[in-house]
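Grab a pencil and work through these exercises with the model open beside you. Try each task before you read its solution.

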Amino acid sequence: MDTPSPTVPQDRDDGRNHPPHDTVDLPAQLPSALAQATGQSGVSSPPKAGNRIGDTLFLAASRGSGILLLCIMAAIAIFLGWQASKSIGSNHGNFFTTFEWNADATPPVFGIAVLLFGTVVSSVIAMAVAVPVAMGIALFISHYAPRRLAQPIAYLVDLLAAVPSIVYGLWGALFLVPHMNGLTSWMNDYLGWTYVFGQSDSVAGSAPRNLFTVGVLLAIMILPIITAVSREVFRQVPRMHEEAALALGATRWEMIRTAVLPFGRPGVISASMLGLGRALGETMAVATVLSPSDKLNLHIMDPGGGTFAQNIAAKFGEAFDNGRSALIASGLMLFVITLLVNAGARMIIARRKEFSGANA
Amino acid sequence: MAKRIDVSGLSAYYGSFKGIEDISMTIEPRSVTAFIGPSGCGKSTFLRTLNRMHEVIPGARVEGKVMLDDENLYGAGVDPVAVRRTVGMVFQRPNPFPTMSIYDNVVAGLRLAGVRKKSLLDAVVEKSLKGANLWNEVKDRLNKPGAGLSGGQQQRLCIARAIAVEPQVLLMDEPCSALDPISTLAVEDLIGELKSQFTIVIVTHNMQQAARVSDRTAFFNLAGVGQPGRLVEIDDTQRIFSNPSVQATEDYISGRFG
């Protein structure tokens, strides 16, 4: 096809996209019409690259935002590292293996063993409970529920994600804890042989202000965010891939297994990481439910233990100089753990990048 | 392996909208039947009723009978999932599963049917890819993603995936409309080879293509916007393109409308 005007390069594309039967009139009319639309005379040369003030501004703004983010991350790391180093030098215990936390005593003795264990255990329980349930809800909303039902449920889930953590904490302490008694003793009776889910005789019958209850509460807290993100990912699955599966003779569940879940996998991992981030750093809800102690107890049904965030919240108000630095050091550890977990998740996603569906 | 399709009095609805009305035709086994007609006349809708894919759209339903040899696809107690295993489908845009390798794409249907034996799967992969004229191009990279192939290769991969489950009928919904002329030629050649084993039904907007590949041609039309599509006539392709019995067909083929 003849291209109408060599001076205005974008005409070329427009000409080509027109249906063929228009081609006769096209060369004469299109340049002038386009010139009018863009406010240029027909003979002007194409605009120079430097003229576009909007592009320049946007480039500067977006580049600036990116650099700012890196600066903030670096500032946090430097601050935490500098503050932490002051206290770690004074520590008379081993920072990683000591159970107790007496940073303001003379000599100061403190360690993160109990906190690390409590944080990891409660988050693992939360993920183990929340991720499968969240995927179930997300799939129900995106693929099973009739539209009239799916919309309200989706709104409800979004609403739950916005509930402040202190509210979950109050609910956990006043409602969940008393109602966990039955489950705790049942698990002690039937799963006590696993040791982990057993209870020491000395605490049998006491309020289950333990890591297991914390994990369950955290699961409820992170459920909405994982659900909301997963649901959006499952909705993005192209209809043509679902139809491909159906046309091969897949049932609905098989269609979800062949087309939807593999496609949504990276998104679900990212969603879980968002949830895990909240679980690892959750402060108030843990502080209101857990009865903390400096004992590392593999019976997760026994009251006691602690988490990084809960320990900082509980101790910060009464801490003096070295105590604060020590708490900041524990905060740095939480920061490092979060980074490691996220890096791990990125690696899992990147490993199957070419199969991600992004190039489909 | 190939079965005859006998459609009688078939109408399909999207909610309250009637997409096609009262279609009856016979599709011969081991032949290629092409559907032509203007956009929106219900060719694709009709095609999708032949393997019960129409009803996966919310609110869509079908009235009438589709006999596959002696079995009514819309009879009481017929499982649509089983129908789709017997009547395979190739779509307009190539749609290999992006999360699967070439190998896994080909055996996806068999895996759904519960086949796990590695030696059997290997054999089917080779046979299906050879059947789709793709084997020589991909035999060294069966574990690479199917989405990494070119458009034409992806479409032949989809054909391989469809024939891997050895269906009775193969439905193709404008299989070449997203392909370049060379890939189109490859797929058309393939259709010519596949018709010795399968009953093939192809929807196409390209009348030369219909003339090249099909034995019989059905012309669909609609009375106006918002009206349901109807079958105008079905006849031997040669006859449709040289001496059709309905004036509308001749008008359409000679480009006087549509």
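**Exercise 1.** How many bridges join strand β1 of chain B to strand β4 of chain B, and in which sense do the two run?

*Solution.* Before counting, some ground rules: this is a predicted model, where local features need pLDDT of at least 70, side-chain atom pairs count only at pLDDT 80 or more, and totals for chains, interfaces and linings use all residues. Residues are numbered from 1 along each chain as its sequence is written, chains are lettered from A and ligands numbered from 1 in the order in which they are written, and side-chain values use heavy atoms, leaving out hydrogens and water.

Step 1: find β1 (residues 5-14) and β4 (residues 60-68) in chain B. Strands here are DSSP runs of E with at least two residues, helices are runs of H or I with at least four, and both are numbered from the N terminus.

Step 2: count. Eight bridges link these strands, and they run antiparallel. (Two strands pair if DSSP finds at least two bridges between them.)

Step 3: check one spot. B:Y14 sits opposite B:A60 in β4(B).

**Exercise 2.** Which residue of β2(B) is the bridge partner of B:Y14?

*Solution.* Step 1: locate β2 of chain B, residues 17-27; β1(B) pairs with it in the antiparallel sense over seven bridges.

Step 1: read off the partner, B:F17.

Step 2: look at the turn. The two strands make a hairpin with two residues between them, and B:G15 there has a positive phi of about 60 degrees.

**Exercise 3.** How much area do chain B and chain A bury between them?

*Solution.* Step 1: buried area is the accessible area (1.4 Å probe) that two parts lose on being put together, summed over both.

Step 1: for this pair you get about 2,200 Å², with 66% of it on carbon and sulfur atoms.

Step 2: in chain B, B:P98, B:T99 and B:L112 lose the most area to chain A, together 29% of what that side buries.

**Exercise 4.** How many salt bridges does the rule find across the interface of chain B and chain A?

*Solution.* Step 1: apply the rule, a side-chain nitrogen of Lys or Arg within 4 Å of a carboxyl oxygen of Asp or Glu.

Step 1: that gives two across the interface. The side chains of A:E254 and B:R85 meet in a salt bridge, at 3.5 Å from N to O.
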